[in-house]
Amino acid sequence: MEHKYSAERKQHIFNAAIQLFKEKGYDSTTIRDICEAANVPVGSIYHHFKNKESFLLEHAITIGTKGHQILDDAPADADPVETLSSYYIYKASILQETGCILCQSINEKFNSLWMTNHKYNEYSGVGCLTPYLQKCLDAGTFAFKYTAEDAAWTMQAFFQGCLAYWFQIEDEIDFITITKERFLPIVIDNLTRFA
């Protein structure tokens, strides 16, 4: 019973932290703010989370795991463009739901972590995309001019570039629409143009 209570408490603290990051921004939120929002003593946070960055890491892993499922669950004979569309529309929906401020914090804090720490590579876009794209190549359902890993890096580079640009736009962005109408057609065309 203690384990269930502990897991529920951890989730409650996590939810409070993510909500504050959305509202105030990551840098403006303190551990004390999280404790107050979760109505827990300061020391209890450290039973569940090492530091403030660990909230972002857990959030990023949750996002990555769900993205993995979209690609892993796709049958080998499924239309790869539809599957990739579902994957990137999911990522865009996270941006929409989570908000730019939190997504920027995740990108800033963990881009170098994804690149340098193999423990987390499987949760990165490249880590999710490479096995899926290899499955498509092996099944003959998708032809492109790169290796699966190079194609994954290309897709992620395009997406990260788009994000960097979109984050600088002052106006409200509909990430789902812009992903469907701009990002996906360009990246699919680039991958398959000379296949």
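This is a predicted model: local features need pLDDT of at least 70, side-chain atom pairs count only at pLDDT 80 or more; totals for chains, interfaces and linings use all residues.
**View 1. Helix α8, from residue 148 to residue 168.** Helix α8 has 21 residues, and at 1.5 Å a residue these should span 30 Å, which agrees with the 31 Å that separates its end C-alpha atoms. Several residues of this helix are buried, among them A148, A151, A152, M155, F159, L163 and W166. In general, an α-helix has 3.6 residues a turn, so residues three or four places apart point the same way.

**View 2. The largest nonpolar core.** This core has 31 residues, and those with the most contacts inside it are L84, Y88, L129, L133 and M155. Helices α5 (80-98), α7 (125-139), α8 and α9 (175-192) each supply at least two residues of the core, and the largest share, 8 residues, comes from α8.

**View 3. M155 and its contacts.** When neighbours within four places in sequence are left aside, M155 is in contact with L84, Y88, L129, L133, F183, V187 and L191. M155 is also one of the buried residues of α8. Elsewhere in the model there is a second, separate core of 17 residues, which includes F14, L20, Y26 and A38.

**View 4. H48 in the loop between α3 and α4.** H48 is found in the loop that lies between α3 (42-45) and α4 (52-72), and because its relative accessibility is 18%, H48 counts as buried, the cut-off for buried being under 20%. If residues up to four places away in sequence are not counted, H48 touches S6, R9, K10 and I13.

Note on methods: Residues are numbered from 1 along each chain as its sequence is written. Side-chain values use heavy atoms; hydrogens and water are left out. Helices (H or I, at least four residues) and strands (E, at least two) are DSSP runs, numbered from the N terminus. The expected span of a helix is 1.5 Å times one less than its number of residues. Buried means under 20% relative accessible area, exposed over 50%, partly exposed in between (1.4 Å probe, protein chains only). Contact means heavy atoms within 4.5 Å. A nonpolar core is a set of buried Ala, Val, Leu, Ile, Met, Phe, Trp, Tyr and Cys residues joined through side-chain atoms within 4.5 Å.
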